[in-house]
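These are my notebook entries on a single protein model. I set down in turn what I looked up and what I found.

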Amino acid sequence: MEIGIIGVGNILLRDEGVGPKVAEILKKNYKFEPEIEIIDGGTLGLDLLVFIERFKKIIIIDVVDFQKEPGYTDVLIGEEIPPYLKTRFSMHHVGIQDLLEVAKLIGILPEEVVVVGIQPEVVEMGLDLSETITGKINELIKRVVNILEKWGVKCALQSRQK
C-alpha cells in the first residue's frame, strides 16, 4: 500500500483523542480503492517510524493549536506542518514533530505528508469528545476523503447491513 492514514492522540484526554476516533470511523465505514492502510497511532510518537516508512503518502489526523476557536479545522501540507506543532497539548505532539523530522533525517519521509487538524476545546481527563469536536467529525472525514480523492483513491461508504 502506498497511502497511510494515521490517527494520533490520547483517547484519555477528551478532544485529544479525535485522531484515533476519526481513523476508527474511516476504517469501519469506508471502502477505499486502491486499498489504503488506516492506523490508530495513539501516542506512539517515534514508534510510528516503522509504519510511515512503508508509505509514499500519509495523512495524519490530530489536534493542532491553530490559535483559533475550538472546532476550527485546517489542512497542513509538507513544510507547513512543523511550525503548527510547536504548542503541545500532550506528550504525543513531541512525537509527531520528532517523527517527521527523524523520518526526514533518515530518508524515509513520505513524498507527501498532510495533517488534517482541528483546534480542541477540552483537553483534560475523560473519554468523551466535547460536543464541539463531535460536531466536526464529519468535516474532518470529508477533508480526509477529499485529499484521498485528489490522490486518485476512490472512497465509498460501506453498506451498513452485513
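**Entry 1. Nonpolar cores**

How many residues does the largest nonpolar core have, and which of them have the most contacts inside it? I note first that the model is predicted. I find 29 residues in the largest nonpolar core. Those with the most contacts inside this core are Ile5, Val18, Leu26, Phe32, Ile59 and Leu148.

I then looked up which elements supply this core. At least two residues each come from β1 (3-8), α1 (18-29), β2 (30-33), β4 (57-63), β6 (112-118) and α6 (137-150). Helix α6 gives the largest share, seven residues. I also recorded a second, separate core, which has 20 residues. Ile52, Phe66, Leu76 and Ile108 are included in that second core.

Next I followed Leu26, listed above among the residues with the most contacts inside the largest core. I left aside its neighbours within four places in sequence. On that basis, Leu26 is in contact with Ile5, Phe32, Ile38, Ile61, Ile141 and Val144.

**Entry 2. Chain overview**

I counted the secondary structure of the protein chain: six helices and seven strands. Read from the N terminus on, the order of elements is β-α-β-β-α-β-β-α-α-β-α-α-β. The chain has 162 residues, and buried residues make up 49% of them. I also looked up the contacts between residues at least 6 apart in sequence. Of these contacts, 79% join residues at least 24 apart.

**Entry 3. Aromatic pairs**

How many aromatic pairs does the structure hold? I find two. In one of them, Tyr30 and Phe32 are stacked, with 6.1 Å centre to centre and 15° between the planes. Tyr30 counts as buried because its relative accessibility is 18%, under the cut-off of 20%. Phe32 also counts as buried, at 9% relative accessibility.

Phe66 is buried, with a relative accessible area of 8%, whereas Tyr72 is partly exposed at 24%. I recall that Phe66 is also included in the second core.

**Entry 4. Backbone points**

Where is the cis peptide bond from Glu33 to Pro34, in terms of the loop that holds Pro34? I place Pro34 in the loop between β2 and β3 (37-42). The bond from Glu33 to Pro34 has omega near 0°.

I then noted two residues with a positive phi. Arg14 has a positive phi of about 50° although it is not a glycine, and Arg14 is found in the loop between β1 and α1. Gln67, likewise not a glycine, has a positive phi of about 60°. I locate Gln67 in the loop between β4 and β5 (73-77).

Is Gln67 buried or exposed? Gln67 is exposed because its relative accessible area is 63%, over the cut-off of 50%.

**Entry 5. The second largest pocket**

I looked up the volume of the second largest pocket and recorded about 160 Å³ of space. Which residues line this pocket? The lining consists of Ile11, Arg14, Gly17, Lys21, Ile25, Leu127, Asp128, Leu129, Thr134, Gly135, Ile137 and Asn138. The elements that give two or more residues to this lining are α1 and α6. By class, I count five nonpolar, four polar and three charged residues in the lining. Arg14, noted above for its positive phi, is one of the lining residues.

**Entry 6. Two single residues**

I examined Lys57, which lies in strand β4. Is Lys57 buried or exposed? Lys57 counts as buried because its relative accessibility is 18%, under the cut-off of 20%. Leaving aside neighbours within four places in sequence, I find Lys57 in contact with Glu2, Ile3, Gly4, Pro110, Glu112 and Trp151.

Last, I turned to Val123, in the loop between β6 and α5 (131-134). Val123 counts as partly exposed, at 29% relative accessibility.

Definitions and conventions
Residues are numbered from 1 along each chain as its sequence is written. This is a predicted model: local features need pLDDT of at least 70, side-chain atom pairs count only at pLDDT 80 or more; totals for chains, interfaces and linings use all residues. Side-chain values use heavy atoms; hydrogens and water are left out. A nonpolar core is a set of buried Ala, Val, Leu, Ile, Met, Phe, Trp, Tyr and Cys residues joined through side-chain atoms within 4.5 Å. Buried means under 20% relative accessible area, exposed over 50%, partly exposed in between (1.4 Å probe, protein chains only). Helices (H or I, at least four residues) and strands (E, at least two) are DSSP runs, numbered from the N terminus. Contact means heavy atoms within 4.5 Å. On a 1 Å grid over the protein atoms alone, a cavity is a set of points where a 1.4 Å probe fits but cannot get out, and a pocket is an open set with protein on both sides within 12 Å along at least five of seven lines; lining residues have an atom within 4 Å of a point. Grid points are joined across faces, edges and corners, and a volume is the space filled by probe spheres set on the points. Ala, Val, Leu, Ile, Met, Phe, Trp, Tyr, Cys and Pro count as nonpolar, Asp, Glu, Lys and Arg as charged, and the others, Gly among them, as polar. Rings of Phe, Tyr and Trp (its six-membered ring) pair if their centres lie within 6.5 Å; planes under 30 degrees apart count as stacked, over 60 as edge-to-face and the rest as tilted.
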